[in-house]
Amino acid sequence: MNYTRPVPSIIGSAAGRFVKRRPTSSKSSGTYQPSRSDFIKSFYAVLRRWEGETAFYSDPEKITKHSSYKAMVENAPLIFSLIIDELRVKPSLLVWVLDDAFNMRPYDSSAVGNIPKMTDAWIEWADEHAN
Amino acid sequence: MSMPIDLRNKFPRIADIHSKKTSDRDDYYNCIAWAFKDNQRNWWPNHKQSYWPVNASNLTTMEAFEAWFTEDGWEETSEYELEVGYEKIALYALNGVPTHAARLLDNGTWTSKLGRYIDISHEATELEGPKYGQLHKVYRKPISPTS
């Protein structure tokens, strides 16, 4: 397997680490410190936007050129555990995010297009590489 | 999956798309897979992410679709209705680029999987509009005893 991006070593704790401590003037009462729940909410907001705005497409190119898809690919190491959690609930095209983000496929080429099989492979890979 | 909005803008010929729903939404299969009676895989002439029965250039072109249709024994027809002894698939295109496929049912209506969304039952031209473009071509294939 070839990696163009580091394999996430923060599986299971990525969201918890994503805490900015930068003060902001957007709040009138002191400093704003995003919490883990803020991070998770932002992930699901991006995910739902992608799902909603690509709902009627069958063409993978149209589905994967959406800005929300690109955002998930770029932040995949941070949101890896959230994606895996979502895939455990229901197989979905989120496997394409993982394929593109880590430039690897933990499944046989014969499984390409079979979303449940691709999902199972990514979940198994995540379980094997969990800290 | 969140509910897409502005459906009348996308499908202006259908007043209430959810009244035509025949399945729940899921990512397991897409329109062209459903046209070929596969509800387990995403099909597209793009081997990177999807299944396609023959070699493809990974470009969404009419030629890529027609190469498979020809290989699988389909021929173009001007008849959109039921014909004894034939099954039919419709291909939609926007500016000459394939966008969607549908399959004719035994009851004379068409069935479609709308991308990642739901299956619906509809008339052939009802899906025409800004999302899928126009009904481009209809193909037919003799029904084999095993199909």
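How many of the nine residues of strand S2 of chain B are buried? I will start there, and then turn to the contact between the chains. Please keep in mind that this is a predicted model.

The answer is seven: S2, residues 86–94 of chain B, is mostly covered. Strand S2(B) has two partners to describe. With strand S6, residues 134–142 of chain B, S2(B) runs antiparallel, and eight bridges join the two. With strand S3, residues 97–104 of chain B, the pairing is also antiparallel, over six bridges.

One residue to look at is B:Tyr92. In S6(B), the residue opposite B:Tyr92 is B:Leu135. In S3(B), B:Tyr92 stands opposite B:His100. S2(B) and S3(B) form a hairpin with two residues between the strands. In that hairpin, B:Asn95 has a positive phi, near 55°.

Now the interface. Chain A puts 26 residues into the contact, and chain B puts in 30 residues. The size of an interface is often given as the accessible area lost when the parts come together. Between chain A and chain B the buried area is about 2500 Å², with 54% of that from carbon and sulfur atoms.

Next, the polar side. There are 13 residue pairs in polar contact between chain A and chain B, counting pairs with both residues at pLDDT 80 or more. The elements of chain A that each give two or more residues to the side touching chain B are helices H2 (36–53), H3 (60–64), H6 (94–102) and H7 (115–129). By class, that side of chain A has twelve nonpolar, seven polar and seven charged residues.

Last, the salt bridges: the count between chain A and chain B is one. A:Asp100 pairs with B:Lys48 in a salt bridge, with the closest N and O atoms 2.9 Å apart.

Technical notes
Residues are numbered from 1 along each chain as its sequence is written. Chains are lettered from A and ligands numbered from 1 in the order in which they are written. This is a predicted model: local features need pLDDT of at least 70, side-chain atom pairs count only at pLDDT 80 or more; totals for chains, interfaces and linings use all residues. Side-chain values use heavy atoms; hydrogens and water are left out. Contact means heavy atoms within 4.5 Å. Buried area is the accessible area (1.4 Å probe) that two parts lose on being put together, summed over both. A salt bridge is a side-chain nitrogen of Lys or Arg within 4 Å of a carboxyl oxygen of Asp or Glu. A polar contact is a pair of N or O atoms within 3.5 Å; within protein, one must be able to donate a hydrogen and the other to accept it, and residues adjacent in sequence count only if both atoms are side-chain atoms. Helices (H or I, at least four residues) and strands (E, at least two) are DSSP runs, numbered from the N terminus. Ala, Val, Leu, Ile, Met, Phe, Trp, Tyr, Cys and Pro count as nonpolar, Asp, Glu, Lys and Arg as charged, and the others, Gly among them, as polar. Buried means under 20% relative accessible area, exposed over 50%, partly exposed in between (1.4 Å probe, protein chains only). Two strands pair if DSSP finds at least two bridges between them.
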